[in-house]
Amino acid sequence: MAIDVTEQSPDLFPGETATRQHPLSTRTEWARPNVLWAIAGGVVGYLIGHWLGNVIASGYTNVQSSGQNDVANVLGLSFGVVGWMGGIGALNYPLAKMLGREPAPTVPEQSWVRYFRMTEDHKVVGIQYTVGVLLFLFTGGLLAMAIRTELLSPTSHVFGPGTYINIVGEHGTIMMMMASSAVVGPLGNYLVPLMIGSRRMAFPRVEAFSFWIFMAGYAVILTALPLGGFPTGWTGYAPLQTQASGGMDSYLVGFAVIGIGMICAGFNLAATIIHYRAPGMTWNRVPIFVWAILATCALLTLATPTLVVAGLFGILDRTAQTAFFVNEHGGSSFLWENLFWFFGHPEVYIMALPGFGIVMEILPVFTRKPLFAYRTAAAGMLGVALLSFFVWQHHLFQSGINPDMRPLFMLTTELISIPTGFLYLVTLGTLWKAKIRFDPPMLFCLGMLFNFLIGGVTGVFLSDVPVDVTVHGSFFVLAHFHYTIMGGLIFALFAGLYYWLPKITGKTMNRKLSQWHFWTFFIFFNLTFFPLFLVGLLGQPRRVFEYAQNLQPLNDISSVSAFFLGASFFFFIINFIWSVYINPRKAPDNPWHSRGLEWQTATPVPWYNFERIPVVLDDPYHYGERDAPAVADLGQELIAAGRVSSTPVDPDDLSVGGRDDLDPRPPIL
Amino acid sequence: MGDAVADDKTVTERSEDFLHLNETPEEIAFELRAQEGALWTGGRLVIGIWTFAFASLAFAYFYLRSANNQDLWRPHDITAPTAAGAAIFAITVACAVLNLYGVRRFRSGVALDWEVAGWTSVLGTLLAVGLQIWQLTDLPFFPGSSGYASCLIGWAALNIALLLSGLYWIETLLARQARLRRALLEDGGTAQSTLPAARMFRASMEGCAYYWGFIGVVATLFWVLFYVL
């Protein structure tokens, strides 16, 4: 399988026949593009951009009067991102392509160094994303601890009001950035090709690009605090956005950068799912998790450009002195609200749908029943994706909307609960009369369903104008979306990690520690966030560091629970380190007895995923059925017979079924 | 002739290195079709991405226009320099038409016409981008003086990005064509060869032409918004 890197390069000009080594292979490890070069490129790029911004704008009146050069900040951050991407090697191929060169043969790497490089192996990208997402999660989690520490007392303060709101904004933004890629990045990239029977992604360089720019976004948003933070919370509302200090530049550039990464991730996965499904994998046989990822990709590719453009407008307002969001100069602060939420509400489903996909994929395995109403589930996800474009104005019920328009958007918001209800009913139907196996992934699935029920029902309350107007901007709203995002998505993410980690690592996770993780996570999650519904109904506003004295007991329950909730993540970390490195136990090939295609290939998954491209024969949900048909023909007979393509291929003979003598399986259609 | 055969092998080997790792012919054919399809879908997805980006700009345009805060949507009906605007529009649309025409000729087997049309488009696009930048230095209003002024600056930024993306795509295809032309001479050139490299090239070229058609439509719509309405 390995490629001889001394073969003739494809990048030679016609007539240029000298055999040479691939240029990258001659460099030492440290000299090849890697994360160290990316950091160096990012720093150098930032310095150059900042210097350039000072050259351009230091003479501007507003810069001299305020002492704040947003042009330098924005150029510094933008050049820093370009330098980072250059350092990791993401620009090598696009530049070589301008000279007419096509990609060099990919050399599969086995060294651990590959995790710190740009790679075309979707499994490595999936693992990189997992680490990246957890980094976001833990950073945002630490900031959450800081918030809850401040809220332990209504009068004694750890932070000043400005610092507090900066922490709140940073926490929210980091978590939203994380959540938008939490499942699509790690599990989507790792699993989708395996689940559809593909050997590769459609656009592997775009996939790798999406991860590394995602990490550049992490670095950019971290610069917000040293640049003065941003006082707007994660929603970045104008006119505060236009007036804020330099940290706002990090927010705008960071969100735009992350947005580009999200678009790239969705673009690649959508093309892969549409075109790289194995022969026989009709749309009726596509795993439900893949349907969820496809629906999410539609949202990622179509909704996210609005965020990027809104970010661009914000940057122009702060640097080129345009007035998109400045009422006094012909702009409108409500324009930001509209653009932001036109992305922001589909974003909610970018976070929710993959979580549901994981749960619906896992439930049949642990109930040993077929997935209930498979087609309804797929249709529900597409319905949610479509309707999510028509509900954004419910975020503006309190401001920025013609009151006559409220009933329309109340109706569309309530409508979206119908396909969402489909998804929930599908899970309940699968659980109905099942003999459930309470393994750790299943526990997290059940936890997700419990939490999402609370988050979903309170969401229906909030879609009604009278309730929304009453509790707008309160902790009730905060509790609602934490129940849907953390209670839904993060529980589902851990369900997925516990379920697929044996496939990814080849090691068995410790069952006791997994259970401890679940129960502490579940109990303290609910103890943290349920009281916040109550304090919200009692009138405690979000983003304010002081509150009424009588709300302290509920706040203290929430804060103390939050610390335990944060600590519960250590069970996962300890479990992972213990099970994978300290006391590794080889995982069985198919520990959960799943019928999924991803479990049919070897562990660890070979570079090319499948020895032969499988021919899919049926959907993977025939659990509990006697004589259930095989899911796929993996070509084992061919492999055993050694009948692989060892003879040169005539390019004219690549028509379908043209070489049936070599492959007795059904023709590829 | 010997060189041509060697060149041909180079291209074939490249494709085989990339695609034929221990694969049956059916698998190779399957992946080739998948790649062609992914290029087709990818091209359309890129158009979808840009559509939503420009729809956001159009939303801002109409939102600010209808809100007309402080009567500052477009005071005194002031307009950006119309000559430059018309020139940018005309050049962009001409490039789009040239691309579409070039691809039609390419499909007829006349690759040279497509190359000429492509290189002309490259030059035209560079000119359009240059004009767009120059127009920004010659505006008769301050960027933040009105809603119209803000939207025009936003349009300029997005239009430059869109034109550069189209420029990049067509330039990379032309550069690739320069490398493949001789290599595939024996096999009918990029227009007719059945080699994987040629098939991928044609799929990308079709997507590029479609993309340029989209650029032409965007140029027309926003020219109407900013200079006609």
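**Helix packing and one loop glycine**

Helix 5 of chain A passes helix 6 of chain A in a left-handed crossing, meaning that the near helix is turned anticlockwise from the far one by less than a right angle. Helices here are DSSP runs of H or I with at least four residues, strands are runs of E with at least two, and both are numbered from the N terminus.

Before going on, the provenance: this is a predicted model, where local features need pLDDT of at least 70, side-chain atom pairs count only at pLDDT 80 or more, and totals for chains, interfaces and linings use all residues. Residues are numbered from 1 along each chain as its sequence is written, while chains are lettered from A and ligands numbered from 1 in the order in which they are written.

Back to chain A. The axes of helix 5 (residues 122-150) and helix 6 (residues 161-181) of chain A come within 9 Å and cross at roughly 155°. Helix 5 of chain A is therefore roughly antiparallel to helix 6 of chain A, the cut-off being an angle over 145 degrees. Axes are lines fitted to C-alpha atoms, for helices over the stretch in contact, with angles from 0 to 180 degrees between N-to-C directions.

The residues of this contact between helix 5 and helix 6 of chain A divide into 15 nonpolar, 4 polar and 2 charged. Nonpolar covers Ala, Val, Leu, Ile, Met, Phe, Trp, Tyr, Cys and Pro; charged covers Asp, Glu, Lys and Arg; the others, Gly among them, are polar.

How many of the 21 residues of helix 6 of chain A are buried? The count is 18, so helix 6 of chain A is mostly covered; buried requires 20 or more other C-beta atoms within 10 Å, exposed 12 or fewer, and partly exposed is in between, with C-beta atoms placed from the backbone.

Now chain B. Helix 5 (residues 147-183) and helix 7 (residues 196-228) of chain B pack at about 155°, with axes 10 Å apart. That makes helix 5 of chain B roughly antiparallel to helix 7 of chain B. Their crossing is left-handed. The contact residues of this chain B pair comprise 18 nonpolar, 2 polar and 1 charged.

Last, Gly624(A), in the loop between strand 1 (615-616) and strand 2 (632-633) of chain A. Is Gly624(A) buried or partly exposed? Gly624(A) is partly exposed, because 13 other C-beta atoms lie within 10 Å.

Technical notes
Parallel < 35°, antiparallel > 145°, perpendicular 65-115°, else oblique.
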